Amino acid sequence: MSKGTTIKEALAAWEQKAGEKAAEAEEIKLLCQIPSIEKMDASLSTLTNCKKLSLSTNAIEKITNLNGLKSLKILSLGRNNIKSFSGLEPVGDTLEELWISYNLIEKMKGIGVLKKLQVLFMSNNQVK
């Protein structure tokens with residue numbers, strides 16, 4: 001099995017394609033990476049201006065490393081392997097939309113930290 005793409009590698013490719021610095025961008029799309037992104041690594045903390053982050057259709061299992069995303073309003077994590085809402089605390093005061101359909105979430109525990117949440121797309125999970 002091949003090694004997954006890192007966030008750092010995906011951001012470098014995004015910068016080359018977009019022609020702008022990821023640290024200054026308001027919207028970043030790292031969806032459908034080949035090979036898939038498996039971890040939300042510390043490189044995400046450089047995205048201080050990012051308002052919309054799309055990491056859909058990868059192989060991410062845990063929500064992590066959102067500490068530097070002080071402006072994040074929309075987080076798209078659909079079609080991954082995420083099992084819980086844990087890890088959202090750093091964006092609890094800013095996140096307005098969470099798109100997390102087609103994952104493996106079983107419980108709603110952890111969603112309460114999102115104080116400004118207005119939109120939650122989470123169909124096709126395993127919540128009972």
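Mentor: Let me start with a rule: rings of Phe, Tyr and Trp, with the six-membered ring used for Trp, pair if their centres lie within 6.5 Å. By this rule, the count comes to one aromatic pair. Keep in mind that this is a predicted model.

Trainee: What makes tryptophan 99 and phenylalanine 121 an aromatic pair, and why is it called edge-to-face?
Mentor: Their ring centres are 6.0 Å apart, and the limit is within 6.5 Å, so they pair. The planes stand at 65°, and over 60 degrees counts as edge-to-face, so that is the label.

Trainee: Which parts does the pair tie together?
Mentor: Tryptophan 99 lies in strand 4 and phenylalanine 121 in strand 5, so the pair links parts 22 residues apart in sequence.

Trainee: How do you know whether tryptophan 99 is buried, partly exposed or exposed?
Mentor: Buried means under 20% relative accessible area and exposed means over 50%, with partly exposed in between. Tryptophan 99 has 25%, so it counts as partly exposed. Phenylalanine 121, at 44%, is partly exposed as well.

Trainee: Why is serine 76 called buried?
Mentor: Its relative accessible area is 6%, and the cut-off for buried is under 20%, so the word applies. Serine 76 is found in strand 3. Leaving out residues up to four places away in sequence, serine 76 touches Leu53, Ser54, Leu55, Ser56 and Trp99.

Trainee: And for the whole protein, what percentage of the residues is buried?
Mentor: Buried residues make up 42% of the 128 residues. The protein exposes about 7200 Å², and carbon and sulfur atoms supply 52% of that area.

Trainee: Which phi value does tyrosine 102 have?
Mentor: Tyrosine 102 has a positive phi of about 55°, although it is not a glycine. Its place is the loop between strand 4 and strand 5 (119-121). At 37% relative accessible area, tyrosine 102 falls between the limits and is partly exposed.

Trainee: What kind of peptide bond joins isoleucine 34 and proline 35?
Mentor: That bond is cis, with omega about -10°. For background, most peptide bonds are trans. Proline 35 lies in the loop between strand 1 (27-29) and strand 2 (52-54).

Trainee: Now the overall picture: how many helices and strands are there, and in what order do they run?
Mentor: The protein has one helix and five strands. From the N terminus on, the order is α-β-β-β-β-β.

Trainee: How do you know that the radius of gyration agrees with a compact globule?
Mentor: For 128 residues, a compact globule would have a radius of gyration near 14 Å; the protein has 14 Å, so the two agree. Along the principal axes, the C-alpha atoms fill a box of roughly 40 × 35 × 20 Å.

Trainee: And how far apart are the mean positions of the positive and negative charges?
Mentor: For the 18 positive and 14 negative charges, the mean positions are 4 Å apart.

Methods:
Residues numbered from 1 in each chain as written. Predicted model: local features only at pLDDT ≥ 70, side-chain atom pairs only at ≥ 80, totals over all residues. Heavy atoms only, no water. Helix = DSSP H or I, 4+ residues; strand = E, 2+ residues; numbered from the N terminus. Rg over C-alpha atoms; globule rule 2.2 N^0.38 Å. Buried < 20%, exposed > 50% of the residue type's maximum accessible area, 1.4 Å probe, protein only. Areas by Shrake-Rupley, 256 points an atom, 1.4 Å probe, with all protein chains shown as cover. Lys, Arg positive; Asp, Glu negative; His and termini not counted. Charge placed at Lys NZ, Arg CZ, Asp CG, Glu CD. Contact = heavy atoms within 4.5 Å. Phe/Tyr/Trp six-rings, centres within 6.5 Å; stacked < 30°, edge-to-face > 60°.
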